[in-house]
Amino acid sequence: MNVTVLDHPLIQHKLTLLRDRETSTAGFRRIAREMSMLMAYEVTRGLKLEMIEIETPLERMEAPQLSGKKLCFVSILRAGNGILEGMLDLVPGARVGHIGLYRDPQTLVPVEYYLKLPDDIGERMVIVVDPMLATGHSAAAAVGRLKQAGAAQIRFACLLAAPEGLAALQAEHGDVEVFTCAVDRQLDDHGYIRPGLGDAGDRLYGTK
Ligand SMILES: O=P(O)(O)OC[C@H]1O[C@H](OP(=O)(O)OP(=O)(O)O)[C@H](O)[C@@H]1O
Ligand SMILES: O=c1cc[nH]c(=O)[nH]1
Ligand SMILES: [Mg+2]
């Protein structure tokens, strides 16, 4: 399976803080932002470079810069925004798309309510961000939409994944590389990741 677990000690330490039920809303938001900066560093590791000529204060030299069009983050609203901001701290020139999806609590089927993407998304590397990959239905729906819009090179970055969600995303979109900070044990009967961190949106925005 095309899955990378981000095992950097700082990421793992911060994930433990996020999981802890005692972590406040403000703390959760801050730590998610810190973690996503570290995640962006790992997810962008394979970006291509090209050499350009520059002048230092002392001499001319050839130096590397990122080649091609700027990458595009796509945030799955609303919880995706909790890890988008840290990624933008690290890659401030990135383009950003938004897809609004919520899981129907009874059926766990994602319902789309918003879509706004850059026109030229087909020419960019796309990194979809959402803290949770549970059943995988939201991620698969978002990736399907992006492919319809022409996106060809797609990665998915999350804080936590369930084995069931990874398998579902892989079955539908085997070309998508997934980056996650941990793969947890299982989903429960309500589609929550166990042991998990609870409802990411509610913890980010204090709605429960
Ligand atoms: O893999 P799945 O089973 O589809 O579940 C994961 C989705 O559930 C959460 O969003 P939610 O629907 O709670 O919406 P929110 O971000 O608005 O809180 C989460 O942020 C994912 O988008
Ligand atoms: O555990 C889960 C599953 C889906 N969405 C969440 O926010 N948490
Ligand atoms: Mg939620």
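Which loop holds E22? E22 sits in the loop between α1 (9-19) and α2 (25-43). This is a predicted model.

**Annotated binding site**
- An unreviewed UniProt entry lists I193, G198, D199 and A200 under "binding site".
- G198 falls in the loop that runs between β12 (193-194) and α6 (200-205).
- A200 belongs to helix α6.
- A200 is buried, since 25 other C-beta atoms lie within 10 Å and 20 or more are enough for that class.
- Leaving aside residues up to four places away in sequence, A200 is in contact with A79, G82, P131 and M132.

**Shell around ligand 1**
- Ligand 1 has 23 residues around it, of which A79, A134, T135, S138 and G201 come nearest.
- Two or more shell residues come from each of β5 (95-103), β8 (132-133), α4 (137-148) and α6.
- By class, the shell holds 12 nonpolar, 7 polar and 4 charged residues.

**Surroundings of E22**
- E22 is exposed because it has 6 C-beta neighbours inside 10 Å, and 12 or fewer puts a residue in that class.
- E22 and Q186 stand 164 residues apart in sequence.
- In space, the C-alpha atoms of E22 and Q186 are 23 Å apart.

Note on methods:
Residues numbered from 1 in each chain as written. Chains lettered and ligands numbered in written order. Predicted model: local features only at pLDDT ≥ 70, side-chain atom pairs only at ≥ 80, totals over all residues. UniProt positions renumbered as here; feature names shortened; annotations may be inferred. Helix = DSSP H or I, 4+ residues; strand = E, 2+ residues; numbered from the N terminus. Contact = placed C-beta atoms within 7 Å. Near = placed C-beta within 6 Å. Nonpolar A, V, L, I, M, F, W, Y, C, P; charged D, E, K, R; others polar.
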